[in-house]
Amino acid sequence: MTRGDFWCNFHKHINIFIMSEYNRAKTSKLVLKGESSKGTKRKHKKDKHEKKAKKALTVDTDAVKHGGWWMVTKTTDITSSIALQFDKQAYVKALDNGLFTLGAPHNEGDPPDPEEIFSAVLINEEKVAFKSGYGKYLKVEKDGMITGRSDAVSALEQFEPVFDQGKTALLAANGCFVSVDPEDDALVAIKKKVGSSEVCVIRSSSDREDISNKELPMEESGDLDQVEINFVKKFQKFQDKKLRVSKEDTVLLKKAKDSGTLHEALLDRRSKMKADRYCK
């Protein structure tokens, strides 16, 4: 073999080696830094079944039967759109004359009709008001009839939901519980005690929020006396740093807290003491 033949065969083998390495790199899986070059272990079908089973446990089957409308169990959840159920798959329906009746039963899985949907207004932690689709608030009349002809909310337009042992009833301002009259399906409040006719279900379509881990702001922690001191410390403007706390009775603060106007009441008390940098 001549020297020229040797170098010719040498370059030929080098080219073959380079091409084989290129093809191998081209077809292999890209491995990022920090990842193993070994293939990912395929998950067992059992894991998928377990995940599906866990997801099934979180499904509210009762809400599914009612078109996604879930059962309310506390007053503070009565907001936005709600429906009042007084029979299996049957809801209170608003009429264009300001009266109410029990609508026809729905098929399982169907949501309430538009006439059966009300807007809830949370008055405080105990009472709510309801507005029909006609833009009028529900009110209890002297004869116990529930009508929907009010433009504003007074004491007669406020209802107190009562939750007990998984059952719900609505207490009207006349001291009677709301029910559907079995004679004409009208909405009334005529009985002082809760019977089977007074038991209802308040349903909501709002997104449910987990507030179990939420805490009150630091300045709202403690009793009302401490809360007032906390707010004075936060907003006072005096350079001597001496607290100017109102000596008025805190009964008004309790009422303000129940009505949702605690911050306004505290501001008013601080303004009288001239201890707020936002007060004139």
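Modeller: Strands are DSSP runs of E with at least two residues, helices are runs of H or I with at least four, and both are numbered from the N terminus. Please keep in mind that this is a predicted model, in which local features need pLDDT of at least 70 and side-chain atom pairs count only at pLDDT 80 or more, while totals for chains, interfaces and linings use all residues. Residues are numbered from 1 along each chain as its sequence is written, and side-chain values use heavy atoms, with hydrogens and water left out.

Let's start with the partner strand. β11 pairs with β12 in the antiparallel sense over 4 bridges; for two strands to count as paired, DSSP must find at least two bridges between them.

β11 is among the elements that give two or more residues to the largest nonpolar core, a set of 29 residues in which F86, F130 and L187 touch the most other members. A nonpolar core is a set of buried Ala, Val, Leu, Ile, Met, Phe, Trp, Tyr and Cys residues joined through side-chain atoms within 4.5 Å. The other elements that give two or more residues include β2 (80-87), β6 (128-131) and β12 (187-191). F86 links several of these places: leaving out residues up to four places away in sequence, F86 touches V178, S179 and V180, and also L187, V92, L102, S197, E198, V199 and C200. Contact here means heavy atoms within 4.5 Å. In soluble globular proteins, nonpolar side chains tend to be buried together. Apart from this core lies another one, of 8 residues, among them V227, F231, A256 and L266.

A search of the whole structure for disulfides (cysteine sulfur atoms within 2.5 Å of each other) finds 0.

E141 sits in the loop between β7 and β8 (146-150) and is partly exposed, at 27% relative accessible area. Its C-alpha lies 9.0 Å from that of V188, although the two residues are 47 apart in sequence. The side chain of E141 also makes a polar contact of 2.7 Å with the side chain of T147. A polar contact is a pair of N or O atoms within 3.5 Å; within protein, one must be able to donate a hydrogen and the other to accept it, and residues adjacent in sequence count only if both atoms are side-chain atoms.

H106, in the loop between β4 and β5, is buried at 12% relative accessible area. Its side chain is joined to that of E116 by a polar contact of 2.8 Å. Not counting residues up to four places away in sequence, H106 touches Q89, Y91, P111, P112, D113 and E116.

Strands β9 (residues 160-164) and β10 (residues 167-171) run antiparallel and are joined by 5 bridges, with V162 opposite A169. This hairpin has 2 residues between the strands, and Q165 takes a positive phi near 55°; Q165 is exposed, at 76% relative accessibility. S80, in strand β2, has a positive phi near 60° and is partly exposed at 41%. Most residues other than glycine have a negative phi.

Finally, the setting as a whole: the protein chain has 6 helices and 13 strands, and buried residues make up 30% of its 280 residues. Among contacts with a separation of 6 or more, 52% are between residues 24 or more positions apart.

How values were computed:
Buried means under 20% relative accessible area, exposed over 50%, partly exposed in between (1.4 Å probe, protein chains only).
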